[in-house]
Amino acid sequence: MSPVHRGAGATCIRAQTDSYTTGGDVGARHGYMLRRDHRLACTQRCRLACVKLIVPAIEGAVAFAETCERLDTQETIAKAFEEAVRAFGLDHYIVTGFPPPASPLEPLVILNAWPCEWYQRYDKNHYFDDDPVGQFALRQTQPFRWSDVPGSFNALRRSAVIMEEAKAFGLLDGYCIPLHSPSGGRGAIALAARHATGFSAPERAALHVLALTAFGRFAALKGEVAAPGPRLSRREREVLTWIAAGKSAWEVSCILSIAERTVIAHLENVRRRLDVANTLQAVVTCIRLGEIQPF
Amino acid sequence: MIEVHVVTAESSLAYAAELESYHRWRHLIYVEERGWTDLRKPDGLERDQFDTPQAVHLLALENGRVVGGSRLMQTSRPTILSEVFPYLVERSELPSDDETLDWTRMFVVPSHRGAGRPRSVRGALLTSVMQYALSANARRVGGVMEAFWLSQFAAVGWRMQILGLPRPVAGAMVLAAFVAVDDAALRSVRASTGWTESLLRYEPDRRHEVRT
């Protein structure tokens, strides 16, 4: 496997299919599911006998999460993550932050196992701005399959072209897990396969666990780093958090016990400082920068 | 200057004003911001059946003002996990002992959420929960949580135990998980958050005027 590097000047990992498409591995994923009775104490009043399915890919993902605190270099995290992802039969993945509009993806990339030529094309043409998966990930908090992206994100002709080109490069079916780094910046792990995946709910949940914990370890290496760019005042952050939660300016004024015109003035200041056209863009920008967070 | 005050039944009278602010913030954040409308209360104070005299509330205060909080209780008593979400525990036994603490209702007020500065309120609360759990001789702390906490735990270097895979609850992926409580975990979170001094206080500081 070629070495993994991060950030600017990253080299790609070419998909090494020989490491997983042996009969044994495919069998482990689809055929060898062990069953055992597993007694759980669900309440103090009753005991239920439960049947638990043990699927190696799921076990691998949970094992990654439960031992990842020991992974303290880029290389060890990447190696363990790669192994766990391959167990799901996935060919490609990328771990990245979100770029500002009309900007390259490259400086935000943490780990890159995307097909090389596709990645270079994507980065050079700033495809992220019109990529339905990327744009949906910017606005979503929960994991999704690429086929789940609403039609409105595919409306632009360029968006449809991007998805078609992805298929041509071997990215047929994929998942995207939007993430918060501890420094507040938003990012995602995208995973893809050359074939339809059809993961069960537990498998998708296990991928979510794998993505969350891997992202957290990468973030631990970077340390807490304040994102560069415009900073909101405390009051502005407060107002924008409530707007992002779906409150109207009037509702925000009630929650904060300030005048509605004051709320509106704060929003105008934020739009001006961020140089955006409307409040929705201000919210999206602030989410991307980590200026508003859930906690 | 942020302090994290440990409020128990014994000190609840001394902290009456701060506790009211804390419950008001829990209502604003859990009902109004997160949309967990089942928790809505007519008086605007979020309290549930687990806010018993045995519960311990950590209140993050800045100049006497509540800027964050969290609730801890022993799993030897009923918890949200045991009473409402036991089905989230698939991979092991439901924790039910004095050495496992249940951790819920974590919040940071919106104005004090920050993009990655060291010594944030969130960092103070994470460090304080670990410090408190260690001082209470617990070996695990955790419970029902939104899945995004896993990346926070991984970032501060905590060892996790996944009790079940995430499931959708009210539009968010939620799971049962615990982190190991030990000296290494405290060292790790202190190094990660920048809060290297002890933040825990056990009585109110009346030098600041109490504001809600």
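This is a predicted model: local features need pLDDT of at least 70, side-chain atom pairs count only at pLDDT 80 or more; totals for chains, interfaces and linings use all residues.

1. Let's begin with the make-up of chain B. It has five helices and nine strands. Followed from the N terminus, the order is β-α-β-β-α-β-α-β-α-β-β-β-α-β.

2. How does the radius of gyration of chain B sit beside that of a compact globule? For 212 residues such a globule would come out near 17 Å, and chain B has 16 Å, so the two agree. Along the principal axes, the C-alpha atoms of chain B fill a box of roughly 50 × 40 × 35 Å.

3. Of its 212 residues, 51% count as buried. If you take the contacts in chain B with a separation of 6 or more, 71% of them join residues 24 or more positions apart.

4. Is Leu13(B) buried or exposed? Leu13(B) lies in the loop between strand E1 (2–7) and helix H1 (16–33) of chain B. It is exposed, because 8 other C-beta atoms fall within 10 Å, and the exposed class takes in residues with 12 or fewer. From Leu13(B) to Leu88(B) there are 75 residues in sequence and 36 Å in space, C-alpha to C-alpha.

5. Now turn to Arg190(B), which belongs to helix H5 (residues 183–193) of chain B. Arg190(B) has 20 C-beta neighbours inside 10 Å and therefore counts as buried; the cut-off for that class is 20 or more. Leaving aside residues up to four places away in sequence, Arg190(B) touches Thr127(B), Trp195(B) and Thr196(B). Val156(B) is 34 residues from Arg190(B) in sequence, with 8.4 Å between their C-alpha atoms.

6. What does each chain bring to the contact between them? Chain A gives 46 residues and chain B gives 40 residues. On the side of chain A that touches chain B, helix H2 (56–67), strand E6 (173–180), helix H7 (201–222) and H8 each supply at least two residues. The largest share, twelve residues, comes from H7(A). Sorted by class, this side of chain A has 24 nonpolar, twelve polar and ten charged residues.

7. H8 (residues 234–244) of chain A also packs against helix H9 (residues 249–256) of chain A, with axes that come within 10 Å and cross at roughly 130°. That angle makes H8(A) oblique to H9(A), and the crossing is right-handed. Glu238(A), Val239(A), Trp242(A) and Ile243(A) of H8(A) make the contact with Val252(A), Ile255(A) and Leu256(A) of H9(A). Six of these residues are nonpolar, none is polar and one is charged.

8. H9(A) has another partner in helix H10 (residues 260–274) of chain A: their axes are 8 Å apart and the angle is about 110°. H9(A) is therefore roughly perpendicular to H10(A), and H9(A) passes H10(A) in a right-handed crossing. Here Ala249(A), Trp250(A), Val252(A) and Ser253(A) in H9(A) meet Glu260(A), Val263(A) and Ile264(A) in H10(A). By class, this contact has five nonpolar, one polar and one charged residues. While you have the model open, look for Val252(A), which is listed in the contact of H9(A) with H8(A) and again in the contact with H10(A).

Notes: Residues are numbered from 1 along each chain as its sequence is written. Chains are lettered from A and ligands numbered from 1 in the order in which they are written. Helices (H or I, at least four residues) and strands (E, at least two) are DSSP runs, numbered from the N terminus. The radius of gyration is taken over C-alpha atoms; the globule rule is 2.2 Å times the number of residues to the power 0.38. Two residues are in contact if their C-beta atoms, placed from the backbone, lie within 7 Å. Axes are lines fitted to C-alpha atoms, for helices over the stretch in contact, and angles run from 0 to 180 degrees between N-to-C directions. Angles under 35 degrees count as roughly parallel, over 145 as roughly antiparallel, 65 to 115 as roughly perpendicular and the rest as oblique. A crossing is left-handed if the near helix is turned anticlockwise from the far one by less than a right angle, and right-handed if clockwise. Ala, Val, Leu, Ile, Met, Phe, Trp, Tyr, Cys and Pro count as nonpolar, Asp, Glu, Lys and Arg as charged, and the others, Gly among them, as polar.
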